[in-house]
Structures are given as structure tokens and as C-alpha cells.
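The sequence and the structure are shown first, and the description follows.

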Amino acid sequence: MVIEDKEQEVKEVLEKIRPALMADAGNIDLVKIENDEVFLKLYGTCQTCPVADMTMKDLVVYTIKESLPWVKAVNIGEEKYQII
């Protein structure tokens, strides 16, 4: 699978997640994919939210893991979430 296809797949998953983040004035975008690791960046209130870690694990990582089995890890900002 070429990188452009993987990027499109991740972007489609993020479109499913984005409304929940935008409801609290936040957002998330794909930075890059490298060695089947997804790198994401948070925007808005998601950057300083006290429950962001829980949201990332429960919403973002779970949704990516369930939707894209080829993803080995999700890096959100400075945090890395291994997918097992």
C-alpha cells in the first residue's frame, strides 16, 4: 500500500473523530505516516484539555486501531500510543 493511500485512510478516520473534538473547540490533523506509525497534531482546546490523554486513548487510538489494522502506533503531539 502506498503512502498516499494510507494517508487517505487516516484522513477518512479522522473525519469520523473530528466532530467530537470540534464540539469542545478542538481539532486534530495528520502530520505524517512513517513505518506504519501515524503522527497527529492537536489544535485548539485539545492541546490543553485535562482529559486529553483519556480522549486520545479512548477515541482517537481506539478508532484508528479498529479501522486501520496496519497502524503500529499513534503519535499525538509528544505522546506515543502503541497499538497491540
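A residue is called buried when its relative accessible area is under 20%, exposed when that area is over 50%, and partly exposed in between, with a 1.4 Å probe and protein chains only. The structure is a predicted model, in which local features need pLDDT of at least 70 and side-chain atom pairs count only at pLDDT 80 or more, whereas totals for chains, interfaces and linings use all residues. Residues are numbered from 1 along each chain as its sequence is written, and side-chain values use heavy atoms, with hydrogens and water left out.

**Overall arrangement**

The chain contains 2 helices and 4 strands, in the order α-β-β-α-β-β from the N terminus. These elements are DSSP runs numbered from the N terminus: helices are H or I with at least four residues, and strands are E with at least two. Among contacts (heavy atoms within 4.5 Å) with a separation of 6 or more, 43% join residues 24 or more positions apart.

**The nonpolar core**

A nonpolar core is a set of buried Ala, Val, Leu, Ile, Met, Phe, Trp, Tyr and Cys residues joined through side-chain atoms within 4.5 Å. The largest one has 19 residues, and Val10, Val38, Leu40 and Ile64 have the most contacts inside it. Two or more residues come from each of helix 1 (3–22), strand 1, strand 2, helix 2 (52–67) and strand 3 (73–76); helix 1 gives the most, with 5 residues. Leaving aside residues up to four places away in sequence, Val10 touches Leu30, Ile33, Val38, Leu40, Leu68 and Trp70.

**Charges over rings**

A charge sits over a ring if NZ of Lys or CZ of Arg is within 6 Å of the ring centre and within 35 degrees of the ring normal. Two such cases are listed below.

| Charged residue | Ring | Distance to ring centre |
|---|---|---|
| Lys6 | Trp70 | 4.8 Å |
| Lys32 | Phe39 | 4.9 Å |

**The loop between strands 1 and 2**

Most residues other than glycine have a negative phi. Asn35, in the loop between strand 1 (26–34) and strand 2 (37–44), has a positive phi near 55°. Asp36 lies in the loop between strand 1 and strand 2 and has a positive phi near 60°. Asn35 is exposed, at 63% relative accessibility, whereas Asp36 is buried, at 18%.
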